[in-house]
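Okay, thanks for coming, everyone.

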Amino acid sequence: MTPTTEPYLQCEGISKRFPGVQALEGVALAVAPGAVHALIGENGAGKSTFLKILSGVYAPDAGSVRLGGVPQAFHNARDAIRAGVAVIYQELQLVPQMTVAENLFVGHLPHRCGWLDKRALRAAAERQLAALGEDIDPGVRVGSLPLAQRQMVEIAKALSRDAAVIAFDEPTSSLSEREVQRLFAVIRDLKARGRLVIYVSHRLQEVFEVCDAVTVLRDGRVAAEVSDLQTVTHDDLVSRMVGRSIADVYHYAPRTHGPPVLEVEGLLGPGLAASASLSVAQGEIVGIFGLVGAGRTELLRLIYGATRPAAGHVRVQGAPARILSPAAAIAHGIAFTPEDRKQEGIVPLRSVRENINLSIRRVLAKWGILRSRLERQNAERHVERLRIRAASLEQVARDLSGGNQQKVLLARALSGQVKVVLLDEPTRGIDVGAKSEIYGLIAELAGQGLGVVVASSELPEVLGIADRVVVMRQGQIVASLPRAEATEERVLKLALPVTAAARG
Amino acid sequence: MASAAPTAIRRFRQGALDNASMIVVLLVLLAWLYFRVPGFFSLVNLQGLALSVSQVGMVACTMLFCLAAGDFDLSVESVVIFAGVVAAMVINATGSVTLGIGAGIVAGGIVGLANGLLIARLRVNALIATLATMQIVRGLGFIASHGSAVGISNERFFALGTGSFLSVPNPVWITVLCLVVFGLLLNKTTFGPNALAIGGNREAARLAGIPVERVKIAIFTLQGLMAGFAGVVLASRMTSGQPAIPSGFSLDVISACVLGGVSLSGGVGTIQGVIVGVLIMGTVQNAMNLSGVETFYQYIARGTILLAAVLFDLYRRGRRGV
């Protein structure tokens, strides 16, 4: 069903100021019923503020919100709900102790003269869930359902209130691939039923998959409005989000490569389906791309000795090296930043200074005695070089933003005599502006003669920064493509599991 | 951004500030005692107080590292007893005080090493492992002593526990020395920060090249040696190796550490905090004795203090956002 051209939701000149910051300035948005409209932007661009205005939590300082031509003035969230606007936040607004049916109709439970009509409640709930195509037992406690299903209950709740406008705030961050596809199917169904969907997300691949149009916010203003997503590329959007050209986002510049600094042959171990061989030259950035389960992290961890390899030879600057533990890797000049900052990287309660010096402490110490001055100098040098934003060296690492925490891990990796850096998903969960900074740092490191290996599941990122793209699939390396030959199509085709590719 | 070099004194002050709330509690406690419990501040009582906290204080030095690294050790009370019995037996058998002291300490160290291997190498949960060794070593103590106190024949041994220097009992000097040594270990060597890092995020520490297993084994072995030493000093004070001593010592040590700001979840701890925690615990116990509070009520009090310590730790963790 093609969307009618007359917009149902019309926002004009929306502005909102908080003490010290203009969160939104003159934001306009128009969406027709049956359309899925994405709202994207860096952290702090104003997306959440806009959603809160839409859902009635905040009142705008200026501007108007019109539904079906009728100006709205929401004084609270209930006004918005009654007007048919439902926002599904990351933190779902469900009561875990109550059943699905009770949650669906909270606030207007069916009753007979005050007595709760359980049968009517169950019947109504079953109707709503069936309309959504969901096979959830309405009598089940919401708290016992997995997140993806709770999200479905929230959507059903919105529909039961006859919401004409449904907004999603980062809905897929905790969902599995299959659950994401299920969500998209539901969104497409909402579209077909003439509902208007607003989709806020950091994940541009998803935006391209399920949305029709997109509004880009930057610093509280509309930076771009694209009515047909088919006409733009991922990089176009990124560039609009940060306000810089694509070349400036990825900081790529060709450079000369030296002799190989890391050579891996016949590496075998947990997570690898076949032996892996890899070579990285001085000054080269090698990007390892693969889908979920391809084995990227496993490969890096085996090279670093974080997981004990079952077989394989490693040479660092031509000399053979036995790498069976992280300490051995560090001693040979191989550094590593893990995929999960929180679980494996940052020591949350220790200071920035301690976190940066975690690896190098042993090397700097004399007879086991700490060399505080050297440690402090090392930390200061890296804070400056990597532009780490922290209140002080003694600030607790947990309080830093994701981007700065990643820089602290990078600083730790770069402390000491480093020849090769292995970075596992270095920009995961970091907003676009901070990502760009890290790309710049990666380019700098390569420019200084280090070998850099970046494992990532974000294809545009890999294509944007790498000199060479290594593709992994189901636990093995399937290709190694120089930058010129690494096109999105080719890489994706190589990365897809064989059965899917044969079918497709 | 502050970039002044942290001198030892400045670091000490910073650590004290971190524990400001507990210092306030201690001061309030002392003030209350000054007005309500006559005789608390007499020299005799203060000497007794210092003596009574000396044992907890010694073992708290190493328990600090154990907790900081994210582990537990319930076996120290049995090690204390066992070491005393071993020391007594060796002195009686060989007539040498030095050999006896050495044997007691080494006996403790062996138990500590066993703990370390169980926990670090075989990955047994620390609570379970040390609970088990606590029982085993207690049994060994009974067996070795045939169930009764082992009187010590060599009187030169008693000087260690009962002598004094500048009117301060020897055990107190020993405890102070331990606090200084372990304070230096915590703040000035790689050992301290490594232990804290392991407790803060074990995998991050491992990936950063810290030899996690080796550090943990060292921590438990040191604790065993220290508990052994404490046992030797205790035997000296009691002039015999006693196989039966009221249990709860391990928890007293842990309580003192937690009261002193050492987090039960690991990654946080200062020597200044431990000092304060030990003093608070000892003061409360001493005050109860002075006031003639019956032993049974003292059990309730000790349990309440432990609970308060754990709740306080949770509160601080909440504030830290862990």
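Let's start with a question: how many bridges join strand 3 of chain A to strand 10 of chain A, and do they run parallel or antiparallel? There are four bridges, and the two strands, with strand 10 covering residues 196-200, run parallel. Before I go on, keep in mind that this is a predicted model.

If you want a spot to look at in that pairing, find A:H37, which stands opposite A:I198 in strand 10 of chain A. Strand 3 of chain A also pairs with strand 11, residues 213-218, through five bridges, and that pairing is parallel too. There, A:A38 stands opposite A:V214.

So what about burial? Six of the six residues of strand 3 of chain A, residues 36-41, are buried, so the strand is largely enclosed by the rest of the structure. Both of its faces are covered: on one side you have A:V36, A:A38 and A:I40, and on the other A:H37, A:L39 and A:G41, all buried.

Okay, zooming out to domains. Chain A is split into domain 1 (9-84 + 164-243), domain 2 (100-161) and domain 3 (252-333 + 417-503). Taken over C-alpha atoms, the centres of domain 1 and domain 2 of chain A are 26 Å apart. Where they touch, nine residues of domain 1 of chain A meet seven residues of domain 2 of chain A. On the domain 1 side, helix 6 of chain A, residues 177-192, gives the most, with four residues. By class, that side of domain 1 has six nonpolar, one polar and two charged residues.

Next, a helix pair. Helix 8 (residues 234-242) and helix 17 (residues 432-447) of chain A have axes that come within 9 Å and cross at roughly 105°. Helix 8 brings A:V238, A:M241 and A:V242 to the contact, while helix 17 brings A:V432, A:G433 and A:S436. Sorted by class, the contact residues are four nonpolar, two polar and no charged.

Last stop, the two chains. Their contact takes 32 residues from chain A and 27 residues from chain B. On the chain A side, the elements giving two or more residues are helix 11 (326-331), helix 12 (341-345), helix 14 (361-364) and helix 15 (372-385). Helix 15 of chain A gives the most, with four residues. And the class breakdown for that side of chain A is 15 nonpolar, six polar and eleven charged residues.

That's my tour, so over to you.

Notes
Residues numbered from 1 in each chain as written. Chains lettered and ligands numbered in written order. Predicted model: local features only at pLDDT ≥ 70, side-chain atom pairs only at ≥ 80, totals over all residues. Axes fitted to C-alpha atoms, helices over the stretch in contact; angles between N-to-C directions. Contact = placed C-beta atoms within 7 Å. Nonpolar A, V, L, I, M, F, W, Y, C, P; charged D, E, K, R; others polar. Buried ≥ 20, exposed ≤ 12 C-beta atoms within 10 Å, placed from the backbone. Pairing = 2+ DSSP bridges. Domains from an automatic or database assignment.
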